[in-house]
Amino acid sequence: MSLRLFDTATREVRDFVPVVPGQVGIYLCGATVQAPPHIGHVRSVVAFDVLVRWLRRTGYRVTMVRNVTDIDDKILHRSAEAGEQWWAWAMANERAFTSAYDALGVLPPTYEPRATGHVPAMVELMQRLIERGHAYTAGPGDVYFDVRSWSSYGELTSQRVDDMVADSAAEATDKKDPHDFALWKAAKPGEPETASWDTPFGRGRPGWHLECSAMAHRYLGDTFDIHGGGLDLRFPHHENEQAQSRAAGYGFARYWLHNGWVTQSGAKMSKSLGNGLLVSTLLETVRPAVLRYALTAVQYRSMLEWTADTLAESEATWDRLAGFVTRATERVGEVDPAQAEIPADFAAALDDDLNVPAALAVVHEHLRAGNTALAAGDDPSTRTELAAVRAMLDVLGLDPAGEQWGAATGDDRTATALDSLVRAELDARTAARAAKDWATADAIRDRLTAAGIAVEDSPTGARWSLAARNVTDEDI
């Protein structure tokens, strides 16, 4: 079975056929760095990380472009409120996004261009659109796309121009049509001089839609394979991107993929609703791998309803997966997930529009088989299942023994010290049990439990791990 993806432009699942055999170009709308990221922001990046991992695992050479919007109205407004330079404000938040991506095990993109670094490419695109009769100037610094000049406008979202809600911006009275959208915006009184650039059309700054078209063309060429982003970006952002790029004579994206939102009580998670949950705050009490699992486990096009149970279930599942990998590795030694064969049912699930829930069902089948083999002392079967489980989880960015979540690297003195202290307690407990001093043995175990340490007795001795945390409504 070949990879099939749901194309939101055609509203159907299509066989994926790349522009260049063996290669895939992806443009993902990244962060607008007006504030630190909440989990709604990182859902998209995690979902497309799974796509990139699967494409690479199946032999494709992937070029992933994920942009940073580092100049817009909200960045200027929020930085002014905080008394900060707009570019310093944007950079601080960009670093917060990068830290969140790194913590969640998201692979770095091939290129991560910033809008402010691509003004010349935007000017060239505007000149091309004006020459072709699809854009016009409206006073110094203002350039608009003429939607009536492009007969296919609205094709991405299957809308007619006359049925669309027009831009209600009061200052946009110089448009030919209220549906026209800004390619370039004139500098406004009171805005920092550094937040605008000189162009043949007057001094100003980029429109939101223009930057993505210019950067996609710069790094992926006239026509590329996949354009992705959150469902909320379909209109107007992606509709306008496609219109201006195709009006400029470019093929642009051949497949459009959109991920669902993170919701609370059915409402989209956002700062405006006051229900945004910062990734940095969550990671103070939740292990990064657990958060990654919670964001990965739902099929990318589905809404992810965020409740206390979301984290509790993810924590319990992660502990089961990590526990098996630890026990099996202790028994049969290391395996290389990159060289292990991917089970056919798992591959079929991911080829079916990245059906991660079905893929995880296959993981759990092999997890159960691996635990059965462990209990029976069947080392060959244990090793086979360990390799399969790790290979599948590696594709999902969730391999417990992989580089991201496995043994600590660098300065691991805290972990070493904790392990030494717990081992001393376990040795004392073992001695008490050998002497049939059950009261002392139980007291040691109770002391460890109170400290958040889970103890598991096995034929090879006691092992310990951090106990699963009880998650409450206050944690979401």
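# Exercises on a predicted chain

The mean positions of the 47 positive and 67 negative charges of the chain are 2 Å apart; Lys and Arg count as positive and Asp and Glu as negative, while His and the chain ends are not counted. Each charge is placed at NZ of Lys, CZ of Arg, CG of Asp or CD of Glu.

The model is predicted, so local features need pLDDT of at least 70 and side-chain atom pairs count only at pLDDT 80 or more, whereas totals for chains, interfaces and linings use all residues. Residues are numbered from 1 along each chain as its sequence is written, and side-chain values use heavy atoms, with hydrogens and water left out.

## Exercise 1. The chain as a whole

Task: State how many helices and strands the chain has, and what share of its residues is buried.

Solution. 
- Step 1. Helices (H or I, at least four residues) and strands (E, at least two) are DSSP runs, numbered from the N terminus. The chain has 14 helices and 15 strands.
- Step 2. Buried means under 20% relative accessible area, exposed over 50%, and partly exposed in between, with a 1.4 Å probe and protein chains only. Of the 476 residues, 49% count as buried.
- Step 3. Along the principal axes, the C-alpha atoms fill a box of roughly 90 × 55 × 40 Å.
- Step 4. With contact defined as heavy atoms within 4.5 Å, consider pairs of residues at least 6 apart in sequence: 75% of their contacts join residues at least 24 apart.

## Exercise 2. The surroundings of helix H8

Task: Which residues of H8 are buried, and against which elements do they pack?

Solution. 
- Step 1. Helix H8 spans residues 288-296, and eight of its nine residues are buried.
- Step 2. These are Ala289, Val290, Leu291, Arg292, Tyr293, Ala294, Leu295 and Thr296.
- Step 3. They pack against H1, strand E11 (262-264), helix H7 (279-282), strand E13 (304-305), helix H9 (308-332) and helix H11 (356-376).

## Exercise 3. A buried arginine

Task: Is Arg66 buried or exposed, and which residues does Arg66 touch?

Solution. 
- Step 1. Arg66 lies in strand E4 (residues 61-66).
- Step 2. With a relative accessible area of 6%, Arg66 is buried.
- Step 3. Leaving aside residues up to four places away in sequence, Arg66 touches Leu28, Gly30, Val45, Tyr101, Val106, Leu107, Pro109, Tyr111, Glu112 and Pro113.

## Exercise 4. Strand pairing

Task: Determine the sense in which E7 pairs with E6 and with E8.

Solution. 
- Step 1. Two strands pair if DSSP finds at least two bridges between them.
- Step 2. Strand E6 (residues 143-145) and strand E7 (residues 181-186) run antiparallel and are joined by three bridges; Phe145 stands opposite Phe181 in E7.
- Step 3. E7 also pairs with strand E8 (residues 204-206) in the antiparallel sense, over three bridges. Here Trp184 stands opposite Pro206 in E8.

## Exercise 5. Backbone features

Task: Where do Arg11 and Asp353 lie, and which residues does a cis peptide bond join?

Solution. 
- Step 1. Arg11 is found in the loop between strand E1 (4-7) and strand E2 (12-15). Four bridges join these antiparallel strands, and Leu5 has Arg14 in E2 as its bridge partner.
- Step 2. Although not a glycine, Arg11 has a positive phi of about 60 degrees; Arg11 is partly exposed, at 40% relative accessible area.
- Step 3. Asp353 occupies the loop between helix H10 (344-351) and H11. Its phi is positive, near 55 degrees, and Asp353 counts as buried at 3% relative accessibility.
- Step 4. The cis peptide bond joins Phe235 and Pro236, with omega about 5 degrees. Pro236 lies in helix H6 (residues 234-247).
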